[in-house]
Amino acid sequence: MHVIGTAGHVDHGKSTLVQRLTAIDPDRLKEEKQRQLTIDLGFAWFNLNGETVGIVDVPGHRDFIENMLAGVGGIDLVLLIIAADEGVMPQTREHLAIIDLLGIENGIVALTKTDMIDDPDWLDLVTLDVQDALQHTHLVNAPVVPISAKTGDNIPLLIETLQQKLAETPSRHNTGRPALPVDRVFTIKGAGTVVTGTLSGGTITIGDELEIQPGGMRGRVRGLQSYEQAVDVAQPGSRVAVNLAGVDTDEVKRGHVLSVPGAITPTQLIDVHYRHLPDAPQPLKHNAQVKVFIGAAQSQANVRVLNAESLAPGDSGFLQLRLSEPVAVPRDSRFILRAPALRATIGGGMVMDANPAHRHKRFNAEVIARLEKHLQGDPTEIVIMAAEMPLTAEELQARTGLSAADVKKVLFESYHSEELTVLYGNELYIATHRSQQLQQQIEGILLGHHAAHPVRWGILIAELREKSGLSDKHLEALIHHNREIITKSDGLSVRHASHYPDFTPQQLTRIHQLRDVLLQNPYTPPSVAEAVDILGDEELFYGLDDLEEIVIVSKNVFFDRETFQTMLYAVMDMLEADEEVTVQTVRDKFGTTRKYALALLEHMDAQRITRRVGDKRVMRRS
């Protein structure tokens with residue numbers, strides 16, 4: 001399946017041509033029909049030699065160039081519309097620059113409105129002007145087809161040319177990692193949220209769980225359509241409408257990306273290779289404020305020029321862009337930069353690293369060398385840059401686009417050269433320099449926590465995850481790999497090996513006071529609040545819980561460990577003998593009150609030792 005995009009000047013008859021090819025009017029907005037002007041993305045399709053070909057009709061007017069950028073990124077072939085009675089216009093040159101920056105190499109020029117031309121020499125001059133404009137672009141060899149959408153003149157030739165060019169275009173690869181940049185969101189009564197976009201990377205199937213980034217919302221695919229036909233599986237390279245269950249319309253917008261969970265991590269920092277347009281009105285300076293367009297998304301960004309003081313018109317270089325908001329950036333994304341004050345496209349290029357570990361220092365020779373190798377397609381550097389977080393070999397292959405054999409070779413060589421570190425049972429790989437950075441970050445959080453809470457055993461893994469910003473999978477792998485990190489037996493907390501709760505003499509005195517109270521009344525201990533008063537410190541109370549000196553069984557009831565174990569085993573013996581217990585029998589057994597007996601039994605229920613049947617408890621059998 002293929003998707004083509006129409007681009008060109010507002011008055012050059014784009015929508016008329018699309019309607020001539022497809023019998024579908026791509027202008028769907030009331031204002032577009034009134035003004036006879038394409039304002040937002042339009043969509044149509046037609047059958048070409050037995051294949052359904054999608055069309056994205058993008059706005060041509062300079063006022064709506066940013067809407068154009070939301071739709072042009074996912075196309076296989078561009079149909080550049082130029083009116084024969086006007087020739088190449090400034091908007092045409094900007095569209096052509098954008099097409100070139102996005103690396104779209106397949107195209108046809110439709111020279112429209114030939115019915116307005118009586119002089120054959122004029123048509124020859126316009127054709128030469130068009131060919132001159134295509135020089136030094138990817139479309140330098142694009143065929144120029146003179147047509148009239150109004151009369152139908154040469155439309156069969158245009159269709160034949162489209163067939164030939166699309167036959168030369170390879171189908172989209174199925175890497176198993178689908179990505180759908182969202183370009184439209186709407187609601188259908190009775191169905192719910194529907195999003196549309198051009199699918200790449202893999203298939204989407206009804207019933208799939210998909211993740212929407214940025215934001216991390218999850219939704220299930222309730223229904224799929226491709227070119228208004230219901231399908232069970234949507235194929236890469238096609239226009240797709242996805243009906244999502246569990247997602248409200250206001251939770252997703254143009255620029256979000258649908259993918260399999262965990263495939264894309266939103267980012268506000270990206271490393272890119274950039275080309276400043278030769279006709280850019282001024283150099284690109286360090287710390288310049290720009291608008292960046294990636295897929296269907298756009299964001300304000302601050303520019304860091306990494307390998308030069310600034311980039312003159314026509315120059316290329318490496319940039320690090322700090323985005324004003326998180327953006328989902330699929331692998332191999334290209335981007336466009338515009339100058340907000342000038343309302344002009346100034347350049348663009350390719351994303352090298354969508355999730356760099358940190359802000360780079362300028363003129364850093366090591367960073368520049370790595371980016372250069374990545375640009376040259378060096379497999380080792382591509383894998384190492386992709387391995388900023390722990391990934392399996394399969395995930396590295398999907399993220400880099402390299403063959404399985406190339407990835408296997410790089411993993412073997414990079415492990416022995418110590419450029420890669422293997423984590424978690426030889427299943428996850430991470431760049432060694434990045435592993436060291438993350439381990440230092442985790443240890444820093446741990447040691448900071450221990451300094452602030454010296455009487456606590458450690459930090460909850462959930463809190464460590466929040467502070468580090470790492471996923472459960474990545475944090476677990478890094479903890480497992482670090483011998484300086486000790487995990488508690490319950491698996492919920494960790495501490496640094498250098499730390500163990502340290503009590504002052506005054507704290508030890510108060511702990512002994514609490515123990516004396518517990519010995520005097522083991523089955524009717526003080527409340528949690530009273531125990532905190534005795535200790536003089538809430539942290540100290542929960543520190544004793546960390547060390548399992550006490551066991552907290554409810555919000556306000558606790559026992560010392562030995563008493564709790566005595567009660568627990570006694571209740572289990574009662575269950576073995578009588579097969580059931582009640583709050584009253586437990587209360588009477590220990591000479592305590594209903595509050596303590598009930599708290600103990602509810603704790604045993606929660607631990608799945610017992611289960612409640614009416615007013616009684618019975619042993620829970622596996």
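Strand β11 pairs with strand β12 (residues 217–226) in the antiparallel sense, over four bridges. Two strands count as paired if DSSP finds at least two bridges between them. Helices (H or I, at least four residues) and strands (E, at least two) are DSSP runs, numbered from the N terminus. This is a predicted model, in which local features need pLDDT of at least 70 and side-chain atom pairs count only at pLDDT 80 or more, while totals for chains, interfaces and linings use all residues. Residues are numbered from 1 along each chain as its sequence is written, and side-chain values use heavy atoms, with hydrogens and water left out.

- Four of the five residues of β11 (residues 209–213) are buried, so the strand is largely enclosed by the rest of the structure. Buried means under 20% relative accessible area, exposed means over 50%, and partly exposed lies in between (1.4 Å probe, protein chains only).
- E209 has R220 in β12 as its bridge partner.
- β11 and β12 form a hairpin with three residues between them, and G215 in the turn has a positive phi of about 125°.
- P214 also sits in the loop between β11 and β12, and a cis peptide bond with omega of about 0° joins Q213 to P214.
- β11 also pairs with strand β16 (residues 257–259), antiparallel and over three bridges. In that pairing Q213 stands opposite V257.

**Overall size and make-up**

- The protein has 19 helices and 34 strands.
- Its radius of gyration is 33 Å, whereas a compact globule of 622 residues would have one near 25 Å. The radius is taken over C-alpha atoms, and the globule rule is 2.2 Å times the number of residues to the power 0.38.
- Along the principal axes, the C-alpha atoms fill a box of roughly 110 × 55 × 45 Å.
- Of the 622 residues, 50% count as buried.
- The protein exposes about 29100 Å², with carbon and sulfur atoms supplying 48% of that area. Accessible areas come from the Shrake-Rupley method with a 1.4 Å probe, and for residues only the protein chains shown count as cover.
- Among contacts between residues at least 6 apart in sequence, 66% join residues at least 24 apart. Contact means heavy atoms within 4.5 Å.
- There are 61 positive and 83 negative side chains, and the centres of the two sets lie 4 Å apart. Lys and Arg count as positive and Asp and Glu as negative, while His and the chain ends are not counted. The place of a charge is taken as NZ of Lys, CZ of Arg, CG of Asp or CD of Glu.

**Other strand pairings**

- Strand β22 (residues 316–327) pairs with strand β17 (residues 267–276) in the antiparallel sense over eight bridges. In this pairing H273 has F318 as its bridge partner.
- β22 also runs antiparallel to strand β20 (residues 297–305), to which five bridges join it. Here the bridge partner of R304 is Q320 in β22.
- An open antiparallel sheet of three strands has the order β32-β34-β33. Its edge strands, each pairing on one side only, are β32 (581–582) and β33 (610–613).
- Four bridges link β33 to strand β34 (residues 616–619), again in the antiparallel sense. V613 stands opposite K616 in β34.

**Individual residues**

- T193 is found in strand β9 (residues 192–198) and is buried, with a relative accessible area of 3%. Leaving aside neighbours within four places in sequence, T193 is in contact with several residues, including V185, F186, V242 and L244.
- R172 lies in the loop between α6 (155–167) and β7 (179–181) and counts as partly exposed at 23% relative accessibility.
- R172 and D76 are 96 residues apart in sequence, with their C-alpha atoms 8.9 Å apart in space. Not counting residues up to four places away in sequence, R172 touches D76 and others, among them G74, L199 and P236.
- E228 is in the loop between β12 and β13 (229–230). Its phi is near 65°, a positive value in a residue other than glycine, and E228 counts as exposed at 60% relative accessibility.
- F363 is in the loop between β24 (344–353) and α7 (365–375). The phi of F363 is positive, near 60°, in a residue other than glycine, and F363 counts as partly exposed at 44% relative accessibility.
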